[in-house]
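Visitor: I'm new to reading protein models. Could you walk me through this one?

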Amino acid sequence: MKQATRRKIAQALGFFFLRVCLYLVLAVLLLFLYDIGRKGGGAISWQFLTQAPRKGMTQGGIFPAIFGTFLVTVITAILAVPLGMCSAIYLNEYATQGRLTRLIRLSIRNLSGVPSIVYGLFGVILFVNIMRFGTSVLSAGLTLGLMTLPWTITASEEALKTVPNSYREGSLALGATKWQSIRTNVLPYAVPGMLTGTVLGLARAAGETAPILFTGAAFFLPYLPKSLGDQFMALPYHLYIMATQHHQIEQVRPIAYGTALVLIALVLGMNMTAIVIRFRLRRKRR
Amino acid sequence: MSDGTNPAKIETKSLIFYYGTTPALKSVTLACPENRVTAIIGPSGCGKSTFIRTLNRMNDVVAGTRVEGQILLDGKNIHDPDVDVVELRRRVGMVFQKPNPFPKSIFDNIAYGLRINGMKDHRKLEEVVEKSLRGSALWEEVKDRLEENAFALSGGQQQRLCIARSLAVEPEVILFDEPCSAIDPIATAKIEDLIHELKKSYTVVIVTHNMQQAARVSDFTAFMMLGELIEHDATEKIFTNPASKLTEDYVTGRFG
């Protein structure tokens, strides 16, 4: 009896501790969102979202930065999505599982832990200098693409692993080729998970500053990029400037908060998209 | 082994199988006669599942495995370089331990094997789906709900669906890898009846844990232990008058 009571108390304490941890994390997050929302909410207006900055960026909107972030994310996606998914399919479905594949997998995991500034510097060397794309939206997009690849590959591979082996064996036993088995009986069930992981990776890329700092993002541009060779403005970099580099830092504070709010909304929006995609595809399968 | 009238449909000669460096099968020579049911029994880990999976080369997909000796289908070694493994698996179908319907409709499950072989004619597909479902004694239960997801079926129905799915591609041999280990006794009885029917048109090899099942469904029984074939004979002989002491101990329930 006494033993049972002690065990119940231990359990209650354990659950209490776990719950407190969760509430702490939630509280920090909500406080953070509340702060940004309160200070940035006032800056948001139709003009803010659709106009270019004016008067030394003390007035006007942030449209070029929104557009630039959108554009660079599209380039990132064009590089990272197909390449990442295909690599994952090869690695998980075709490659002989052995020492070499373990090493490759380990390297990919490690690459996802490399600081983003390192990717930025690598992008300068590879895309800006060697491949002569210059400091441009293309160089920046490709750099972000490289940074996103390890995430895309890992997420896609995890998604492929969730497809039961019996689907593969079942179709092979009916005389399907390996590719048929993958295409008709593995990918349809893995793609929702692959897309979710990919969009999450892209959302992270959209919010990065360091990789685009030297490869293509501009302090201020009076025009929108007209080609892939042009520089561009981006939300995270704009925010960094408004928060730390501007000469009238107090005056532009609301703009900085407004930019932060837009950036968070954008990333949140992308994550929501990922959830919707997964939900839709899952339902279609039923 | 032959019963005088039926030649071997599929047979192995001195078959050795390695996972890495460990031999899981040690020189197994076994012939499965055409239009007969051959049961393979033995304690867990004796290599019976490994054995049956070598017959349609399902072990090819497992890394680090190696085969020595011969596996002959109609006298032709299935490891010959001119044998297409995809075509082999169409001819030698397999039903797995756990029912593994695909998350598709009942219709699409059965049609799967035909579609990957390029059949598009919906009329013909409907025909084969009905024929296969009748062949696995499932038609009456599902004919009005072919568009429903196969996961909605019970475990026993799912297994019969998997049998129908393999019938649809018109195999010559059907391998059953402990097909009843995950389903209830009534569903098991239905599948055993079905196996009796199937041997009229197909050659059947079945791995089973359940000795009563082997006695009920098979014409020949092979007893395996630790990767070796101990004894292979007519089922009645194995269960009433086995030659080996090991077999006798096993079938009388002294171990296993």
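Visitor: How many residues of chain A are in contact with chain B, and how many of chain B with chain A?

Guide: A quick note before we start: this is a predicted model, where local features need pLDDT of at least 70, side-chain atom pairs count only at pLDDT 80 or more, and totals for chains, interfaces and linings use all residues. Residues are numbered from 1 along each chain as its sequence is written, while chains are lettered from A and ligands numbered from 1 in the order in which they are written. Two residues are in contact if their C-beta atoms, placed from the backbone, lie within 7 Å. On that rule the count is 20 residues of chain A and 23 residues of chain B.

Visitor: Which element gives the most to the side of chain A that touches chain B?

Guide: Helices (H or I, at least four residues) and strands (E, at least two) are DSSP runs, numbered from the N terminus. The elements giving two or more residues to that side are α7 (165-172) and α8 (178-185) of chain A. With six residues, the one that gives the most is α7(A).

Visitor: By class, how many residues on that side of chain A are nonpolar, polar and charged?

Guide: Here Ala, Val, Leu, Ile, Met, Phe, Trp, Tyr, Cys and Pro count as nonpolar, Asp, Glu, Lys and Arg as charged, and the others, Gly among them, as polar. Sorted that way, the side of chain A that touches chain B has six nonpolar, 11 polar and three charged residues.

Visitor: Where does helix α3(A) bend?

Guide: In α3(A) it comes to about 25 degrees, at Ala77(A).

Visitor: Is Pro225(A) buried or exposed?

Guide: Pro225(A) sits in the loop between α10 (210-213) and α11 (235-245) of chain A. Leaving out residues up to four places away in sequence, its contacts include Gly68(A), Leu71(A) and Val137(A). A residue is buried if 20 or more other C-beta atoms, placed from the backbone, lie within 10 Å of its own, exposed if 12 or fewer, and partly exposed in between. Pro225(A) has 21 other C-beta atoms within 10 Å, so it counts as buried.

Visitor: How far apart in space are Pro225(A) and Phe67(A)?

Guide: Along the sequence, 158 residues separate Pro225(A) from Phe67(A). In space, C-alpha to C-alpha, the distance is 9.0 Å.

Visitor: Which residue stands opposite Phe17(B) in β2(B)?

Guide: Strand β1 (residues 8-19) of chain B and β2(B) pair in the antiparallel sense over eight bridges. In β2(B), the residue facing Phe17(B) is Leu25(B).

Visitor: How many residues of strand β7(B) are buried?

Guide: Both faces of β7(B) are covered, with Val173(B), Leu175(B) and Asp177(B) buried on one side and Ile174(B) and Phe176(B) on the other. The strand (residues 173-177) is largely enclosed by the rest of the structure, because the buried count is five of the five residues.

Visitor: Which residue in β8(B) stands opposite Phe176(B)?

Guide: Five bridges join β7(B) to strand β8 (residues 203-207) of chain B, and the two run parallel. Within this pair, the residue opposite Phe176(B) is Ile206(B).

Visitor: What is the phi of Ser27(B)?

Guide: Most residues other than glycine have a negative phi. Ser27(B) lies in strand β2 of chain B and is not a glycine, yet its phi is positive, at about 55 degrees.

Methods
Two strands pair if DSSP finds at least two bridges between them. The bend at a residue is the angle between axes fitted to the seven residues ending there and the seven starting there.
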